[in-house]
Amino acid sequence: MPDLLAARSQMAMSLGFHIIFAMVGIAMPVLMVVAERRWQRTGDRIYLDLAHRWAKGTAILFAVGAVSGTVLSFELGLLWPTFMEHAGPIIGMPFSLEGFAFFTEAVFLGLYLYGWERISPRAHLAAGWAVAVSGMLSGVFVVIANAWMNAPTGLRWVDGRAVDIDPIAAMMSPAAFPQVLHMTLAAYAATGLVVAGIHALPLLRDPRNAFHRRALSVALLIGAPAALLQPLSGDLSARFVAHWQPAKLAAMEGQFKTERGAPLRVGGWPDEAAGETRYALEIPRGLSLLAFKDPGAEVKGLEAFPRQDWPPVAIVHVAFQVMVGLGSFMALVSAAALWLMWRQRELTRHRWLLRALVLAAPMGFICTEAGWVVTEVGRQPWVIYGLMRTAEAVTPMPGLIVPFLVFTSLYAVLGVVVAWLLYQQVLRSPQTAEEDAA
Amino acid sequence: MTAGLGPAELVAGCALVALTAYVLLGGADFGGGVWDLLASGPRKGRQRALVAEAIGPIWEANHVWLIIVVVLLFTCFPAAFARLAVTLHIPLSLMLIGIVLRGAAFTFRSHYGAGHGEAGDAGAGTTERWGRVFAIASAGTPVLLGLCVGALAAGALPVPGRAAFHATFVAPWLTPFGLGVGLLTLALFAFLAAVYLTVEARDDDLREDFRRRALGAAAAVFVAAFGTLGLALLGAPLMGRGLTTAPWAPALHAATGAAAVTAIWALWRRRYRLARVAAAGQVSLILWGWALAQYPYLIPPDLTIRAAAAPRITLVLVLWALAAGALVLFPSLIYLLRVFKREPARP
């Protein structure tokens, strides 16, 4: 394995691992405080049990997220020292702010987890909200840093280095708002729906189980609206890409030729050598319409860019199809669930909905991983879009396959242990029927 | 040195403060793991329980100080960060594995068995195994951190790309002086943890256990500190010279010595709160001695704080961000420590 590929693989693996814990760390505290609030208001002990269990899950996931995030902050330099040497002063600002947000999150999570008996119920709930808000802000700041890599602002690039830098302008990259919105919604949608799916499964067998019914209602409250809004936010992101990263858009859509009235391709396999995308279902003028709000608009194909500036087309296209396909399913299921909840129908009577929720459970995380593949692989061959190539940024350290394999094995073990622990500590269901709970 | 203090020096000072906080707080959490590893005698289980109780609510917050140091380094001194990350790739990667295993294993241990899932005998065995991982990672990570600091302090980090693999990626950190600093770091962390635990123990037997451990660790610090100074004179002449001949050296050594003697005397007389203050002072002074000895260099012998610094606009913005962040952070941290580190009621 060439060193550049090993470094990219290690970074992708580390980010792909960390993102799951980071997302849960953003959204889980909201579920936990909603459950605690409901307990405080209604006195229903099941909500307290839920808050305890979710807090325990958050504790396990937050710890792994914290240490895997530390690994990433070092890996930026261990793998990409030249990138950091140039970009550090420009995008260090959001990382510094993220540091404080993460600090706040860690402090209040400690208070929340260990403070049930030590601080007042009000202070405890407030600590939970502080965790939720600072967790969200951590994510926002990190995504702002990534957005700059897609649309670098706040600098002039002269002779291979940045001059006249402006770190505030760098935080205002045109990519920042669409990416932050898309990722924040993703965290709530994926986490909410995975929890909903996990509790929908036992409800198929035991629809009267009060514990799972309450868990499902809180999880849908957080996850479903986010999943429903996500396609709109995705449209905003796609229009950003169309405008600022036309080569990425062409790869996402498998668009090789520059044309007016370009079709939207659903599925298909891009053949880079032949320069065409086969087996796709084509919706005439769909891409021009979606990307530029004009069915006759010209869409630049990959042919408009030098061959060495193409991202890997097939990976980006397939990842994009996966994200859009699964995301659409999540949005539909969420719309149905919200409709039934709004009409005050009993969700557990609709077995098809429970089945669809079980099916949707892992989809949010698959979508997120696929979405980051689109963002990151689609930015290749650049690490700073249009300015610095990834190959220029990599460390001169040889044998990078070794750390790649070591960290991959380490994370594989951690992943298995975390999954087992969550099953043990959080998911195993208590047996409380609705009548007993009353 | 005549250039005076600019934003670069201020940020470097903030990074040193953050590093000091990491050593005093996060370091003690690693030291706690060392005492978990070395738990012995009739109160073995209770020693481990005290360590877990002391670390549980705060280790993640304490850990963030390290991230602050890293972020300050890559934002404000990117040239230094890049060179450290390239030449110390191997020990930093090993240290990260230690950090991951320590944090993850501690959390896994805390959540196995206890709580909703009745894990039974299998659960107890697993808890013990994660406890071992936590303890061993806690003992190994400080040594690796010390190795990296030692390589930096020795002024041995090459400019990458000019030498062979061994000379660039191994030789700078795998030295007797580096190992000395590694062991000194381990001894300091264990010393801090034992001293803190004398304050946090709730009964006299346990307090005596950690008093003896603190005194033992103080002896280990003494040996490691003088051993490292000797190795510095042999293998890290810049550091050795700074620590022995600089005009501030006698005053610094006198202050460090006074703090060390106070800590030992206070432990001997069972004045634990005084011992805690003195021990923290002693460790901080050792850290600052290193910083002073290599000032104005960030990476001796050729990269100064000024030369490595980011453009002024970045430094100024980061200083503002630090000020704003501190306004949120310090009240929160004080609240956290007040809730969990309140004086145990005297019997």
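Predicted model: local features only at pLDDT ≥ 70, side-chain atom pairs only at ≥ 80, totals over all residues.
What percentage of the 347 residues of chain B count as buried? Keep that in mind while you go through these points.

1. For the complex, the predictor gives an ipTM of 0.91 and a pTM of 0.92.

2. On confidence within chain B, the average pLDDT is 88, and 93% of the residues score at least 70. Helix α8 (residues 176–200) of chain B has the highest confidence, with a mean of 95, while helix α10 (residues 237–245) of chain B has the lowest, at 82. Be careful with residues 114–120 of chain B, though, where the pLDDT is below 50. That stretch has 11 contacts in the model beyond near neighbours in sequence.

3. Now back to the opening question: 54% of the residues of chain B count as buried. As for secondary structure, chain B comes to 14 helices and 2 strands. If you look at contacts in chain B with a separation of 6 or more, 78% of them are between residues 24 or more positions apart.

4. What about overall dimensions? The C-alpha trace of chain B spans about 60 × 45 × 45 Å along its principal axes. Chain B has a radius of gyration of 21 Å, which agrees with a compact globule, because one with 347 residues would come out near 20 Å.

5. Next, the side of chain B that touches chain A. Here 56 residues of chain B are in contact with 58 residues of chain A. Helices α3 (59–76), α4 (78–87), α5 (89–111), α7 (165–170) and α14 (312–340) of chain B each supply at least two residues to this side, and α14(B) gives the most, with 13 residues. By type, this side of chain B divides into 40 nonpolar, 15 polar and 1 charged.

6. A couple of backbone details are worth a look. Most peptide bonds are trans, and most residues other than glycine have a negative phi. The bond from B:Tyr295 to B:Pro296 is cis, with omega near 5°, and B:Pro296 is in the loop between α12 (272–294) and β1 (297–299) of chain B. The bond from B:Pro300 to B:Pro301 is also cis, with omega near 5°; B:Pro301 is found in the loop between β1 and β2 (303–304) of chain B.

7. Then check the positive phi values. B:Arg270 has one of about 60°, in the loop between α11 (249–268) and α12 of chain B. B:Arg270 has 13 C-beta neighbours inside 10 Å, so it counts as partly exposed. A:Lys293 has a phi near 60° and lies in the loop between α9 (286–292) and β8 (298–299) of chain A. A:Lys293 counts as exposed because it has 10 C-beta neighbours inside 10 Å.

Definitions and conventions
Residues numbered from 1 in each chain as written. Chains lettered and ligands numbered in written order. pLDDT = per-residue confidence, 0-100. Helix = DSSP H or I, 4+ residues; strand = E, 2+ residues; numbered from the N terminus. Contact = placed C-beta atoms within 7 Å. Nonpolar A, V, L, I, M, F, W, Y, C, P; charged D, E, K, R; others polar. Rg over C-alpha atoms; globule rule 2.2 N^0.38 Å. Buried ≥ 20, exposed ≤ 12 C-beta atoms within 10 Å, placed from the backbone.
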